Structure formats: C-alpha cells, structure tokens
Amino acid sequence: MYAGTGDIVKQIKKLEPDELKRIYRAHIQDDFPRNERRPFSAMEKMTKAGKYVSYGLYGEDGLQAYACYILLEDENYALLDYFAVIPVLRGHGIGSEFLRKLNEFVPVEKGTFVEAESPDSAKDAKEALNRQKRIDFYLSNGAVMTNSKCRLFHVDYNILYLSKDGGAPAPDHMCLAVEGMYREMYRPLYGRLCKPYLAVPVREGENRR
C-alpha cells in the first residue's frame, strides 16, 4: 500500500487468473478494440506458465487502473501488453502515478518495452494527434524513444523503453533485444506477422517522437 494522489491509500495488487478474467470481461473488452485484444484463454495460459503478469491499482472505491505484461524468457525485459485507467477516473494523474509505481513490481532485471502506434502512419490528423498523445504520456513518465520500430499486422509501431535499473541499452543492443522479443512472441509466424527495423538513429540525449 502507499499514499497516492491526495494522500488516499492505494494498493497495487498482482492479479490471479480469476481476477484478471473479471477485469477482461468488465474493462479490457471495452477499453481496447477487437483487433487489439488477445483471447483471455491465451492470457490465462501464459499467466499459469509464468510468462504473463498483471496488476490492478485499487483505491477506496475499488479498481482504478490495470496493467498486463508479457515476460520475456531472458528475464531482462518485459513488454507492456495492456495499460488503462478506468474511464471515469482518467485525466487525474492516476495513470502516471500507476505507471511509475509499477516499475517496482514488474519482475524483470532491466526494463519494459512499450509499443505505440506511429503518428507518421496515421490515417488522418486526428488519429496522428491521439497517437502522439499516447507517446507523450509515456515520455513524460520516464520512457525514452528507442531507434527501433516494428511493423506488426500491417501497423507501424514506435518502440519506447522504460528502464528499471536506471540505464538504457546501446542502440544496437536495443534493436537486437526488440527483434528477439518479437521472435519469441510470434514464433513460428515471426517472418509473416512481424518486421522489426531500425529507424533513424536517436542522437545522444535526444528523445525522438
């Protein structure tokens, strides 16, 4: 437990499969479009195999936010699979507070990768703005933009990185780590579904958007 915004006591709780199932039915199905939702059966299977972990942020009135992570085999990195604040509570800093605290909980050594749809490939200005807002949220909460990108299911993603140990891998190592992550997640269909690639190199001290 900890004192959150306004000194309200909050708790971050690791979710058991039955708790995750309730959140999936009550929230994930509404918060994410069908093409971004993996079947709950897959999440449950990975959870029981130790390859997936989920957390809920609870306040006085119950669930406020949730996050789900894919844990990679080398135990160095995770991928943020889902992250959302309950709709009526958005815009009050809960997401930022939760994301920063989660870094203490995720059971990996180095850090977490975050996929964010690229504003450059948005279909219109409104979609580009929404995508940029999501990227800005992560950047404002400690993430850095890597020089790796990925085309996944015909959608272009920027790859951000949230460090847990205070450091950041060198760009060439980061690219290899991203490629290894997708190979692990999508084998044996990796070549058909996923195409990681190196973007314009990020200069030292710069966060590309």
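**Helix H1.** I looked up helix H1, residues 17-31, in this predicted model. I found a kink of about 50° in H1, centred on Tyr24. I then listed the buried residues of H1: Pro17, Glu19, Leu20, Ile23, Tyr24 and Ile28.

**H1 against H2.** I turned to helix H2, residues 40-48, which packs with H1. The two axes are 10 Å apart, and the angle between them is about 155°. Angles over 145 degrees count as roughly antiparallel, so I noted H1 and H2 as roughly antiparallel to each other. I put down their crossing as right-handed.

Which residues of H1 meet H2? I wrote down Pro17, Leu20, Lys21, Tyr24 and Ile28. On the H2 side they meet Phe40, Met43, Glu44 and Thr47.

**Leu129.** I found Leu129 in helix H4, which covers residues 125-140. Is Leu129 buried, partly exposed or exposed? Its relative accessible area is 49%. Buried means under 20% and exposed means over 50%, so Leu129 is partly exposed. I also checked Leu129 against Pro119: they are ten residues apart in sequence, and their C-alpha atoms are 7.1 Å apart in space.

**Whole protein.** I counted six helices and nine strands in the protein. Of its 209 residues, 44% count as buried. The protein exposes about 11,600 Å², and carbon and sulfur atoms supply 49% of that area. Last, I took the contacts with a separation of 6 or more: residues 24 or more positions apart account for 62% of them.

Terms used: Residues are numbered from 1 along each chain as its sequence is written. This is a predicted model: local features need pLDDT of at least 70, side-chain atom pairs count only at pLDDT 80 or more; totals for chains, interfaces and linings use all residues. Side-chain values use heavy atoms; hydrogens and water are left out. Helices (H or I, at least four residues) and strands (E, at least two) are DSSP runs, numbered from the N terminus. Buried means under 20% relative accessible area, exposed over 50%, partly exposed in between (1.4 Å probe, protein chains only). Contact means heavy atoms within 4.5 Å. Accessible areas come from the Shrake-Rupley method with a 1.4 Å probe; for residues, only the protein chains shown count as cover. The bend at a residue is the angle between axes fitted to the seven residues ending there and the seven starting there. Axes are lines fitted to C-alpha atoms, for helices over the stretch in contact, and angles run from 0 to 180 degrees between N-to-C directions. Angles under 35 degrees count as roughly parallel, over 145 as roughly antiparallel, 65 to 115 as roughly perpendicular and the rest as oblique. A crossing is left-handed if the near helix is turned anticlockwise from the far one by less than a right angle, and right-handed if clockwise.
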